[in-house]
Amino acid sequence: MVVIRWIRRNLVVIAGLLTLAYMILPNIVVMVFSFNNPKGRFNYAWQEFSLDAWKDPCGVADLCGSLSLSLQIAAWATVGATALGTMIAFALVRYRFRARGAINSLIFLPMAMPEVVMAASLLTLFLNMGAELGFWTVLIAHIMFCLSFVVTAVKARVMSMDPRLEEAARDLYAGPVQTFLRVTLPIAAPGIAAGALLAFALSFDDFIITNFNAGSTVTFPMFVWGSAQRGTPVQINVIGTAMFVIAVLVVLGGQLIASRRKNNAQPQ
Amino acid sequence: MSVTDAPPLAPAPAQEPPAPRKASTRKRLVPYWLLLPGILWLIVFFALPMVYQASTSVQTGSLEKGFEVTWHFQTYWDALKDYYPQFVRSLLYAGTATLLCLLLGYPLAYMIAFKAGRWRNLVLVLVIAPFFTSFLIRTLAWKTILADGGPVVDVLNTLHVLDVTSWLGWTEGSRVLATPMAVVCGLTYNFLPFMILPLYTSLERIDGRLHEAAGDLYATPATTFRKVTFPLSMPGVVSGTLLTFIPASGDYVNAELLGSTDTKMVGSVIQSQFLRVLDYPTAAALSFILMAIVLAMVTVYIRKSGTEDLV
Amino acid sequence: MTQKTEGGDVRLSGISKTYGSFTAVHPLDLTIPQGSFFALLGASGCGKTTTLRMIAGLEDPSTGTVFLGDKDVTDLQPYKRPVNTVFQSYALFPHLNVCENIAFGLRRRGIKSFKKQVDDMLDLVQLGAFAGRKPHQLSGGQQQRVAVARALINHPQVLLLDEPLGALDLKLRRQMQLELKRIQTEVGITFVHVTHDQEEAMTMADQVAVMNGGRVEQLGAPADLYENPKTTFVANFLGTSNLIEAEVVETAGEDTVVTCGGSKLRVPGERCASQPRSGGKLLVGVRPEKVSVAHADDAGSVAIGRNKITGRIVASSFIGVSTQYIVDSPACSDFEVYVQNIERDARLVPGAEVVLHWNPAHTFGLDADQDIDAGVETVEESA
């Protein structure tokens with residue numbers, strides 16, 4: 001009876017933890033299988049423990065090339081989408097102008113569109129223009145679909161920002177540029193950072209749109225896709241695991257710094 | 001001014017006709033300059049391609065002779081006739097996955113918002129962290145998890161779950177891989193974070209004292225959830241389901257990696273028509289139909305749920 | 001006080017502000033003498049904050065000119081005006097600590113040696129121990145003082161305060177009122193204070209401009225406004241007034257004689273806001289604390305020459321220093337009277353017939369051509 005009552009009382013937590021396990025399980029599998037020494041070309045069944053892949057993560061042809069290409073594209077797409085998206089977000093929150101509804105729809109639609117539709121139509125455009133598919137077409141596509149997400153993230157932050165803070169800065173002898181650099185930007189920074197992070201993650205992980213518009217260029221997700229047909233090298237798991245660990249460490253480290261700063265700011 | 005000359009006041013200067021002052025044109029143009037580059041980008045690389053695609057979908061011709069606009073709407077009819085199973089399947093799989101995401105994601109979002117206490121940040125990190133391993137790698141991991149004769153399949157077999165699901169047509173015999181269940185499982189997995197984060201955001205805004213107030217007003221925990229918590233989390237439910245359903249309906253990665261030829265979704269068809277068969281009009285028509293279906297469903301859904309301020 | 005020759009006054013000349021078809025501030029002329037503590041008083045939406053923002057440069061006037069001394073600053077950007085503002089809810093920069101917030105203005109003007117000034121300022125507002133804290137780690141009262149310090153450190157010609165005490169609880173508000181007054185006396189800078197709290201305005205300011213519907217209703221020293229309101233809005237918004245609609249009987253001599261509900265009342269001619277005409281109407285007003293109450297049995301003992309009306313007590317409430325009566329009289333259905341609790345008459349209970357009497361010199365007359373209840377609700381709201 002006691003057990004049943006305990007389960008009933010903690011039903012939400014139990015269900016939540018089960019979902020969490022469901023979400024984490026593949027990552028654990030990826031991590032475990034990065035130490036595998038598979039027999040055939042595919043790394044789906046456990047054979048024996050091995051550190052080979054960790055010792056030589058770039059040991060597979062084109063793997064690290066595609067990874068570095070993906071990182072480059074993600075970096076540039078982040079810069080582009082964050083710059084353009086932040087400008088739009090500020091315009092939407094801070095100013096009145098014509099065609100507001102149309103502009104809002106134009107920003108909402110890319111998020112309400114299955115990726116494959118955008119991918120196909122963008123390819124139609126590139127084919128019609130006779131553009132050469134490759135790095136640039138992928139970058140253009142990535143900036144396009146990241147833009148709306150950045151706008152949403154930055155907009156939320158700017159909206160919760162008190163416009164009086166900027167007025168106070170102007171009142172205290174800060175010109176337009178100073179006001180933006182000293183007050184607006186630092187306060188909007190968390191929103192912009194969130195938008196940028198989202199853009200980076202979306203771009204780095206994108207497969208469908210990239211697959212349509214990359215031509216013969218191979219990004220990291222495309223490499224993984226190809227290897228699912230030809231044979232999956234263990235190195236893929238190594239890179240997946242490494243990125244997972246780095247990301248968790250960066251986030252936890254950031255939180256540690258934030259909480260320490262908070263403690264320092266406490267009364268002396 | 002109704003009162004003028006109280007002692008310490010200077011007499012009002014002779015009133016000249018007030019000349020209206022205008023805000024400078026430069027100032028009024030600021031928002032347009034801010035919008036210009038981003039909006040131009042979206043027009044050229046999002047809206048314009050749609051136009052091109054619309055025109056492609058009514059063209060006829062071949063790769064060798066070139067394509068021409070002939071207003072050949074027959075393509076749409078043919079595409080629907082040939083590929084309606086894939087359409088139905090896409091919507092069915094995406095709908096099921098969305099529902100599962102909601103059922104699985106809600107307790108987790110609720111737990112993070114109200115029960116996690118000091119573990120809240122850690123759990124949030126765990127929800128987001130899988131993002132950083134490419135989703136293709138993680139989807140491939142499901143091939144291992146659901147492998148024939150693997151522990152998961154064994155357990156399901158022993159519990160006779162697979163007998164039920166096979167009877168329903170979700171699985172085949174003692175296999176999970178290459179069946180609809182595997183595809184839906186993969187879709188659910190891949191889009192769960194898109195459900196959880198908006199749910200969490202809207203749940204977190206709810207004042208915990210509302211629960212106490214509801215309890216104080218004779219509501220049982222279940223009633224409190226039904227009458228207070230769930231309605232207040234509606235914005236999260238709406239944006240979560242949209243963020244899950246829309247990408248899931250066009251996805252072909254899960255169907256290709258975890259499914260078989262019998263589980264192909266419409267995304268696969270568009271992809272192969274476009275990139276392998278090179279039948280551009282059919283591919284364009286298919287993707288237009290998909291877009292129309294999704295937009296129509298989204299519009300109806302948003303109207304019904306009464307939340308229009310998603311952006 | 002006379003016109004300052006060095007020209008440090010704030011002078012608004014015909015300034016107005018319209019948003020589309022809505023006029024927030026009608027063309028307005030106002031001079032705020034240098035070194036004074038000036039209050040703009042009114043209910044929300046009366047245009048007082050807009051007026052303040054036009055002085056700060058945060059709002060462009062639709063018409064008119066703003067002078068600081070002899071200088072036309074109308075087209076000067078806020079960051080070029082020697083004017084600083086204490087914002088409503090303070091607008092402290094959340095990403096900067098107290099010290100950095102206070103030094104913000106000095107640093108923007110390129111002043112490198114701000115350390116000493118910041119320390120002096122922290123002392124002035126008694127926040128020395130909190131220099132390293134972020135705004136969200138301070139109480140409301142402390143935040144308010146940081147906001148004042150952040151503005152004052154720049155030695156502006158004028159300090160603008162936009163409802164600076166609105167977010168504080170009552171006790172703290174009283175304390176900060178005295179504090180602000182102390183600081184103003186100490187630094188001698190012109191303070192322009194926007195508030196909806198009439199008590200706050202009267203306690204702190206040398207000069208009060210009462211605003212209503214985008215216009216200045218009346219301007220003067222607090223006591224003058226209270227004793228000689230010129231409109232029903234001022235009479236009702238500042239404190240409480242008993243306003244009685246009366247007919248003018250004769251205007252001969254120094255006093256005007258009026259009748260209402262069968263009683264004859266006298267109003268000093270110089271205290272009438274409009275020129276009363278025989279047979280015309282006049283609103284007669286008297287403040288509740290100027291009125292005495294006598295039981296009807298003692299009616300004979302009321303001195304001759306006082307204004308008298310009769311009535312019946314409908315409610316009484318004891319509020320410590322005084323007792324407040326509501327009296328129903330033929331002249332006025334809810335006449336308020338405050339009686340000091342010196343010798344309480346046990347017969348003065350609800351239902352008792354009474355005679356209300358007061359010195360005619362305390363009566364004032366207003367133009368009958370206006371809303372008798374103007375400014376009433378807003379008082380309740382802000383109380």
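**Note on chain C of the predicted model**

1. Chain C carries nine helices and 20 strands. The model is predicted. Along the principal axes, the C-alpha atoms of chain C fill a box of roughly 80 × 45 × 40 Å.

2. Burial and contacts come next. Chain C has 383 residues, and 47% of them count as buried. Take the contacts in chain C between residues at least 6 apart in sequence: 67% of these join residues at least 24 apart.

3. One sheet deserves a look. Five strands of chain C form an open sheet in the order β13-β12-β11-β14-β20, and their pairing is antiparallel. The edges are held by β13 (263-268) and β20 (364-367) of chain C. Each has a single partner strand, so one side of each is left without a neighbour in the sheet. On average, neighbouring strands of this sheet are turned by 45° against each other, direction ignored.

4. Within that sheet, check the β11 and β14 pair. Strand β11 (residues 242-250) and strand β14 (residues 281-286), both of chain C, pair in the antiparallel sense over six bridges.

5. Now the contact with chain A. On the chain C side, 21 residues are in contact with 18 residues of chain A. The largest share comes from α2(C), with three residues.

6. What is the make-up of the side of chain C that touches chain A, in nonpolar, polar and charged residues? Nine are nonpolar, seven are polar and five are charged.

How values were computed
Residues are numbered from 1 along each chain as its sequence is written. Chains are lettered from A and ligands numbered from 1 in the order in which they are written. This is a predicted model: local features need pLDDT of at least 70, side-chain atom pairs count only at pLDDT 80 or more; totals for chains, interfaces and linings use all residues. Two strands pair if DSSP finds at least two bridges between them. Helices (H or I, at least four residues) and strands (E, at least two) are DSSP runs, numbered from the N terminus. Axes are lines fitted to C-alpha atoms, for helices over the stretch in contact, and angles run from 0 to 180 degrees between N-to-C directions. Two residues are in contact if their C-beta atoms, placed from the backbone, lie within 7 Å. Ala, Val, Leu, Ile, Met, Phe, Trp, Tyr, Cys and Pro count as nonpolar, Asp, Glu, Lys and Arg as charged, and the others, Gly among them, as polar. A residue is buried if 20 or more other C-beta atoms lie within 10 Å of its own, exposed if 12 or fewer, and partly exposed in between; C-beta atoms are placed from the backbone.
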